[in-house]
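Me: Hi! Could you walk me through this model in plain words?

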Amino acid sequence: MKYTPLYDEHVKLGAKMVEFAGYYMPLQYEGIVNEVSLVRKEVGMFDVSHMGEFMCEGPDAVKFANYVVTNDFGSINFGDIIYTAMCNENGGFVDDLLVYKIAAEKVMFVVNAANISKDFNHLSKLAEKFNVKLTDISDETGLIAVQGPLTQEKLQPYTNLNLEEIGYYSLKEGEIFGVKGIISRTGYTGEDGFELYIPANQTAFVWRKLLEIGIKPAGLGARDVLRLEAGLLLYGNDMDDTITPLEASIPWAVKFEKGDFYGKEALLKQKEEGLKRRLRGLTLDTKLVPRHNMEVYKDGNKIGYVTSGTFSPTLNKPVAFALIDAGIKLGDTVQVLIRDKYVDATVVKTPFYRGSVKSKK
């Protein structure tokens with residue numbers, strides 16, 4: 001088991017700690033519902049130092065990044081970030097990730113905690129044909145995500161950057177409380193906010209400073225509810241190496257026209273043959289909550305399973321993602337088997353909720 005640089009801080013604050021992706025992480029502090037409300041209405045902060053960061057440097061950095069992901073990394077500007085899938089040769093997800101275009105010869109991959117070694121091995125193999133140097137900087141990098149509609153005004157007095165100039169899905173290098181790092185604006189909650197990439201040995205200092213200015217912490221429980229309400233995917237639940245980005249309903253993150261990329265042939269074949277299943281949003285008018293792996297039916301026939309489900313305190317009803325037959329349409333009624341009961345659910349468009357999150361210019 002590993003510890004983030006903030007483990008002692010969480011214990012001091014009385015967080016309920018759990019094991020997640022090989023790390024001890026805070027599940028909650030004052031309660032999941034309170035923490036969701038805090039981020040939706042004001043501002044909260046998350047320890048996401050368990051995430052993996054790889055620095056890719058060299059003349060082929062941009063070309064290499066564009067080859068290993070499905071989205072068009074080549075088309076974005078320096079200082080911008082892209083959300084994308086990284087696929088295996090069968091088109092299944094190795095991971096979903098963010099890629100930061102820092103400079104002409106400098107790119108940062110931000111990957112899921114559970115996949116750090118797998119992703120690094122995958123990228124290292126593919127890097128052999130490119131003039132790049134790949135370094136795993138996960139252990140020396142701390143990461144705090146500050147999220148909520150009041151984030152910008154709360155953080156602005158304590159940074160040397162004009163936060164208004166950091167657009168959605170972009171980054172700047174600067175200081176927060178005098179600590180140098182990368183500040184970006186992506187988010188995983190459906191609200192506006194910033195990510196603070198700082199040296200691991202200075203993360204606790206920044207965390208304590210954030211507490212001093214009145215920003216309260218939120219845990220993994222709230223983070224999972226917030227991301228699901230916002231219609232955002234979680235690796236290991238909503239996708240894995242057997243599910244493709246087309247099936248996971250993020251076809252916009254697959255740019256066939258950009259040229260060659262790893263996994264392209266398999267994805268092209270799937271697109272041409274037509275999808276047999278796809279990820280859809282479900283809402284339920286009941287207090288019974290759908291959970292991961294529960295079966296989904298229509299007209300008595302099994303059509304798939306729930307990948308993520310929770311009770312949404314923001315919408316006051318259960319919401320879920322389900323991987324179901326591609327023929328099921330928006331507005332259709334399906335049944336989720338919850339505790340031996342067939343419970344009606346409506347197939348809906350996601351996100352379930354849209355908050356203060358910025359949109360791309």
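Reply: Six strands form an open sheet of mixed pairing, in the order 11-12-13-10-4-14. Strands here are DSSP E runs of at least two residues, helices are H or I runs of at least four, and both are numbered from the N terminus. Two strands pair if DSSP finds at least two bridges between them.

Me: Which are the edge strands?

Reply: Strand 11 (171-176) and strand 14 (216-217), each of which pairs on one side only. This is a predicted model, where local features need pLDDT of at least 70 and side-chain atom pairs count only at pLDDT 80 or more, while totals for chains, interfaces and linings use all residues. Residues are numbered from 1 along each chain as its sequence is written, and side-chain values use heavy atoms, with hydrogens and water left out.

Me: Thanks. How many bridges pair strand 10 and strand 13?

Reply: Seven, in the antiparallel sense, between residues 141-147 of strand 10 and residues 193-199 of strand 13. Ile144 has Leu196 of strand 13 as its bridge partner.

Me: What does strand 18 pair with?

Reply: Strand 18 runs antiparallel to strand 15 (residues 277-283), joined by seven bridges, and pairs with strand 17 in the antiparallel sense over eight bridges. Bridge partners include Arg278 with Ile324 and Phe311 with Pro318.

Me: New topic: which residues have the most contacts inside the largest nonpolar core?

Reply: Tyr100, Met108 and Leu233, in a core of 45 residues. A nonpolar core is a set of buried Ala, Val, Leu, Ile, Met, Phe, Trp, Tyr and Cys residues joined through side-chain atoms within 4.5 Å. Elements giving two or more residues to this core include helix 2 (32-41), strand 7 (93-103) and strand 18.

Me: What else lies apart from that core?

Reply: Another core, of 30 residues, with Leu123, Ala127, Leu134 and Leu220 among them.

Key: Buried means under 20% relative accessible area, exposed over 50%, partly exposed in between (1.4 Å probe, protein chains only).
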